[in-house]
Amino acid sequence: MTPAGTTSAVLDAQGVSKRFGAVVALKDASLQVGRGEIVALMGANGAGKSTLVKILTGALKRDSGHVRIHGRDVRLSSPGAARASGLVPIYQEPSLIPDLDVADNLRLCETPVEPFQHWVAELGIADLRMDDAIRALPLATLRILDLARALAVEPDVLMLDEMTAALPTDLVERVLRTVRAQADAGRSVIYVSHRFREIAAICDRATVLREGLTVGDLKIEPGIEEHIVELMLGGAVTAPERHATAARRAPGEARLKVRGLRAGTRLSDVSFDLYRGEVLGVVALEGQGQDELFDVLAGNRPALAGGLEVDGKAVAFHHPADAIAEGLTLVPGDRAHALLMSRSVRENIAVPLLARVRNWGAIAMRDEAARVGAAIERLQIDTRAQGEVRRLSGGNQQKVTIARWIAKGVKTLLLFDPTRGIDIRTKRQIYALVRELADQGAAVLFYTSELAEIRLACDRVVVIFNGRVVDSFDAAEADEARLMRAAYGLTAKDAVPS
Ligand SMILES: Nc1ncnc2c1ncn2[C@@H]1O[C@H](COP(=O)(O)OP(=O)(O)OP(=O)(O)O)[C@@H](O)[C@H]1O
């Protein structure tokens, strides 16, 4: 384990430990980053990555170990102290205050406005106004604002914790280019991610944590992926299964028919059929109407035009309860809203999605406890901190949102980017679970911002561009180039933009 440039490391953390009551989050973690280097910090859900990042950014105090910056021991006693040492984080969840506008948020954290605006424009958010209320902005925009805010203060070491997990493909590419350019200009970056494609694209090295210990430090080179996975999981994992063969829909009428659906300002005219027994993927770049589509299907917003049919019957949803009554269940992308953060893991899994739907999930208590237990086991949810969901690692929180529908059983499942922030082993388990649910007769609509998931999890895919379905094909034919072309509104004969 001899990382490049240990002696000239900009940041050098050694022997870091941290305990939360009985939970040992970090036992002996080390991490070095040289000037101009991007180091991936990897590990399964709950390995301790976020805890280490929080210690390095002064949000948590370490129990033992030391941290050196440019060779000097530092005490990172607060986020302000870490910033003063040049360490700036972007965490898994948006950090701007929802009740304030952009300008007030900048003032509050003393972010210089001009550089911030420069980065916002550079990152492709063209229409941001300083008096926009944070609450009204989409999650993807908030993540970009967090990055712009961090870049505006010209950090020595930038730490990105699952920064791209909520972003659609086009914004991910822009973020990756920007981060790489920052490193090329001499800044150092710690990049926490579960996405190998991104790590291969921009990182120089990977430091791997397992159960709070640093277990490897590797140069990123072709073929390193399986080695990293082995280190992360402490043993071999099975290769991903490819489900995508022929369409698997059950015979008979479509479970859900969507016709000429229009909603908000972005969803113009979307039509497709979703059958029992199939997993239908949805691919779209940022803001092409996918949020509005899922919102309408979940009863969160009205359709302005078009119609829905469930099992051959015309329906109109005015409230989420209407959608649930027709058997449509949403797993939203935003776990912060999906979970009761100060309640336990079990309560979160068992809680009816909406208390007012009285006949929903009428399961005997004993039976329910068994189902909740089975779902926890199935997804290997880390229950060491199960008393309050907010104490779980980000990936484990996401698993809780998914465990709900495993515990309850569903007819039509609407999954909005369900695997963001989830480690590779669990992702594979989730694909298998989704398949199992479909095999049992569920119809699944699966929006993902990770194009590779289409082939791994879906039978068919529809691509939405500019509020319309522009292409639809079997998942077996869904290589990333074809999906990308379609997502950019290019037909098969057009060239991919280089
Ligand atoms: N405030 C806290 N109280 C109790 N336990 C905590 C707290 N914060 C983190 N933990 C526990 O520490 C362990 C490590 O969590 P951490 O968030 O660092 O993992 P991670 O590697 O970032 O995971 P993920 O990939 O899921 O985000 C987990 O078991 C988590 O439940």
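This is a predicted model: local features need pLDDT of at least 70, side-chain atom pairs count only at pLDDT 80 or more; totals for chains, interfaces and linings use all residues.
Local features need pLDDT of at least 70, side-chain atom pairs count only at pLDDT 80 or more, and totals for chains, interfaces and linings use all residues. Residues are numbered from 1 along each chain as its sequence is written, and side-chain values use heavy atoms, with hydrogens and water left out.

**Ligand contacts**
- Thr51 has a side-chain N or O atom 2.6 Å from an oxygen atom of the ligand.
- At Gly48, a polar backbone atom is 2.9 Å from a ligand oxygen.

**Shell around the ligand**
- The ligand is surrounded by 22 residues (a heavy atom within 4 Å).
- The closest are Gly46, Lys49, Ser50, Thr51 and Ser393.
- The shell holds 7 nonpolar, 11 polar and 4 charged residues. Nonpolar means Ala, Val, Leu, Ile, Met, Phe, Trp, Tyr, Cys and Pro; charged means Asp, Glu, Lys and Arg; the others, Gly among them, are polar.

**Glu278**
- Glu278 counts as buried because its relative accessibility is 0%. Buried means under 20% relative accessible area, exposed over 50%, partly exposed in between (1.4 Å probe, protein chains only).
- The side chain of Glu278 reaches the backbone nitrogen of Tyr275 at 3.0 Å.

Definitions and conventions:
A polar contact is a pair of N or O atoms within 3.5 Å; within protein, one must be able to donate a hydrogen and the other to accept it, and residues adjacent in sequence count only if both atoms are side-chain atoms.
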